[in-house]
Amino acid sequence: MRWTQTFIPTLKESPSDAEIISHKLLLRAGLVRKLTGGLYTFLPMGLRSLRKIERIIREEMDRAGATEVLMPALQPPEIWQQSGRYETARDVLFKVKDSAGREWVLGPTHEEVITHLAASEISSYRQMPRNFYQIQTKFRDEIRPRFGLMRAKEFIMKDAYSFDATDDGAMASYQRMYDAYTRIFARCGLKAFPVEADTGVIGGNHSHEFMVPAETGENDVVYGETDGYAANIEKATSRGPLHPTPAEATGPAPEKFATPGVVTIEQLSQAPHHVEASRQVKTLVYVVDSQPVLVLLRGDDTLNEAKLMARTGAVHARPATPDECVATLGARPGSLGAVAGVPAKVLVLADDALRGAKGMVTGANEDGFHYRHVEVDRDLRVGRFVDVRTVHAGEASVRSGEPLRIRRAIEVGHVFKLGTKYSEKMNATFLADDGQRRPCVMGCYGIGVTRTLQAVIEQCHDENGIAWPVSVAPFVVCITPLNVAAGSAPLTLAEKLHDDLTAAGIEVILDDRDDRPGVKFKDSELVGFPLRVNLGEKSLASGEVELKPRTGPMVKVPVAEAAQRVIAWVREQQAALNP
């Protein structure tokens with residue numbers, strides 16, 4: 001391929017709306033162009049890298065025993081109503097109407113479609129295990145598209161769905177996908193690691209996300225440095241707060257005291273009351289599936305809403321309004337508590353960190369008043385103790401006790417063990433070997449293909465531009481003759497090298513532009529070709545060719561050895577990326 005035969009519109013400056021480095025480089029290197037917020041056109045170099053990622057995914061999915069299919073992007077809303085997700089996923093669903101006024105859904109994912117297929121095609125345990133996958137465009141109504149391909153309204157995703165006759169079989173399918181994902185990201189040149197994850201709106205009871213460390217990531221990952229523990233902040237647990245509430249002997253009964261104007265944890269911790277945040281019981285009122293629920297935490301802790309959703313099995317949950325708090329407890333936020341005045345029908349959840357706490361202070365359900373000498377187990381009407389707090393850095397790991405750390409990361413893949421959530425609702429059943437009819441045990445597995453491409457850029461770049469791994473680079477070698485006049489020695493050798501390397505299966509682009517060497521060098525570094533071959537008249541006169549790896553020192557090799565040295569370098573790089 002010659003540079004002048006393709007389209008690589010590089011930019012010297014970053015567009016003003018590009019917020020993170022990978023987004024800037026996508027645009028500056030001429031990989032994509034923005035149509036509008038959350039919608040991008042892939043240009044030739046970006047499309048070549050995207051197709052390489054797709055090829056790696058297909059190879060590993062096929063290797064793991066999955067079968068490729070292609071499902072409709074346009075879906076009838078009835079199957080979403082049948083699964084129950086027409087409401088739970090309503091915030092991200094694109095809905096369109098046809099000329100007859102009938103409503104349709106643009107698929108953000110395909111659990112419903114594949115389960116509908118399984119319900120009609122799988123009837124016996126002898127037809128399982130089965131795993132179907134596709135690579136297809138998805139649509140999600142992102143309110144605030146941002147960061148380029150990271151959070152877009154339209155994107156390409158690989159989604160797979162397994163069907164098994166038993167739970168053990170489903171776990172085996174899950175492990176095959178987990179292992180395949182590990183190989184996929186390694187082959188893409190990504191340093192990705194799995195973390196325990198919340199299942200969210202998709203559901204299920206076992207889940208891991210594959211994360212790429214990045215300061216610009218939208219996920220917080222909690223991990224132990226040496227014990228192997230890693231979890232998304234929405235799932236992470238620890239051995240408790242950094243400063244546990246000291247154990248005390250049983251004290252006097254709760255005593256009401258006036259706290260005029262005190263409505264925050266910080267205000268209560270200051271003069272004249274001086275109640276440390278760790279000694280306060282914070283009472284939050286949430287509306288969970290239309291019902292009020294009280295959530296109790298230590299004053300120095302933060303509610304993790306994902307955990308609350310998981311612990312209650314909620315479809316929707318939101319903080320109650322001040323008026324709703326008054327209607328439930330008779331007081332406004334800042335004076336709420338579970339000591340008195342809590343209706344019997346209201347569920348009270350207390351975080352595990354409050355279990356056995358004594359000598360606490362909480363609201364009296366009367367504006368301007370609190371209770372002191374509160375003992376959680378004795379004085380509060382707790383329905384259940386649950387883990388609903390957000391873990392903080394430095395807390396002890398549940399595995400080893402070592403201090404936990406927190407870092408930012410980009411989610412590139414997610415694997416779920418769904419169980420029978422969808423198969424039961426959508427009648428995907430089979431005849432078991434004992435003659436009984438049972439629901440299929442399912443799993444689902446997703447990779448954001450376009451997001452993976454940008455994650456590679458986010459992890460593999462420097463001040464000069466992208467530094468692609470050879471496995472996903474648009475071209476592996478860029479041959480750069482410094483004189484492109486017809487018949488010149490640099491161009492003549494460049495054309496021969498191009499043909500020889502292409503014949504050896506090496507993907508080569510020949511920069512035949514009549515431009516200054518500095519411009520050509522900067523563009524090749526910006527686009528990120530792993531190896532550049534410089535051909536100048538001075539070096540050729542000395543019988544040498546310059547090989548410049550994108551992230552390594554330049555080396556000079558004899559002209560006669562140039563092709564073999566390039567081939568050897570590329571093969572070595574390829575081998576390093578194949579686990």
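**Figure 1. Overview of the predicted chain.** This is a predicted model in which local features need pLDDT of at least 70 and side-chain atom pairs count only at pLDDT 80 or more, while totals for chains, interfaces and linings use all residues. Residues are numbered from 1 along each chain as its sequence is written, and side-chain values use heavy atoms, with hydrogens and water left out. The chain contains 16 helices and 31 strands; helices (H or I, at least four residues) and strands (E, at least two) are DSSP runs, numbered from the N terminus. Along the principal axes, the C-alpha atoms fill a box of roughly 100 × 65 × 50 Å. Of the 579 residues, 51% count as buried; buried means under 20% relative accessible area, exposed over 50%, and partly exposed in between (1.4 Å probe, protein chains only). The accessible surface comes to about 25200 Å², and 51% of that surface belongs to carbon and sulfur atoms; the areas come from the Shrake-Rupley method with a 1.4 Å probe, and for residues only the protein chains shown count as cover. Among contacts in the chain with a separation of 6 or more, 71% are accounted for by residues 24 or more positions apart, where contact means heavy atoms within 4.5 Å.

**Figure 2. Helix α1 and its surroundings.** Helix α1 spans residues 21–28 and is mostly covered, six of its eight residues being buried. The buried positions are Ser 22, His 23, Leu 25, Leu 26, Leu 27 and Arg 28. These buried residues pack against the strands β1 (32–36), β2 (39–42), β25 (461–462) and β26 (465–466), as well as the helices α12 (449–459) and α14 (517–527).

**Figure 3. Close-up of Leu 25.** Leu 25 belongs to helix α1 and counts as buried because its relative accessibility is 3%. Leaving aside residues up to four places away in sequence, Leu 25 touches Ile 457, His 461, Gly 465, Ile 466 and Leu 526. Between Leu 25 and Pro 530, which are 505 residues apart in sequence, the C-alpha to C-alpha distance is 16 Å.

**Figure 4. The contact of helices α2 and α6.** Two packed helices are described by the angle between their axes and the distance between the axes. The axes of α2 (residues 44–63) and α6 (residues 167–187) come within 9 Å and cross at roughly 150 degrees. The crossing angle therefore makes α2 roughly antiparallel to α6. Axes are lines fitted to C-alpha atoms, for helices over the stretch in contact, with angles running from 0 to 180 degrees between N-to-C directions; angles under 35 degrees count as roughly parallel, over 145 as roughly antiparallel, 65 to 115 as roughly perpendicular and the rest as oblique. The crossing of α2 and α6 is right-handed, a term that applies if the near helix is turned clockwise from the far one by less than a right angle, with anticlockwise giving left-handed. From α2, Ile 56, Ile 57, Glu 59, Glu 60, Met 61 and Arg 63 meet Met 177, Ala 180, Arg 183, Ile 184 and Arg 187 of α6. The residues of this contact comprise six nonpolar, no polar and five charged; Ala, Val, Leu, Ile, Met, Phe, Trp, Tyr, Cys and Pro count as nonpolar, Asp, Glu, Lys and Arg as charged, and the others, Gly among them, as polar.

Figure 5. Most residues other than glycine have a negative phi, and most peptide bonds are trans. The bond joining Met 128 and Pro 129 is cis, with omega about 10 degrees; Pro 129 is placed in the loop between α5 (111–121) and β7 (130–139). The bond from Ala 271 to Pro 272 is also cis, with omega near 5 degrees, and Pro 272 lies in the loop between α7 (265–269) and β14 (281–288). His 274, found in the loop between α7 and β14, has a positive phi of about 55 degrees although it is not a glycine. His 274 counts as exposed, at 55% relative accessibility. Ser 290, in the loop between β14 and β15 (291–298), is not a glycine but has a positive phi of about 75 degrees. Ser 290 is exposed, with a relative accessible area of 64%.

**Figure 6. The surroundings of Lys 358.** Lys 358 lies in the loop between β17 (347–351) and β18 (360–363) and counts as partly exposed, at 21% relative accessibility. Not counting residues up to four places away in sequence, Lys 358 touches Thr 245, Glu 248, Ala 249, Thr 250, Arg 279, Val 374 and Glu 375.
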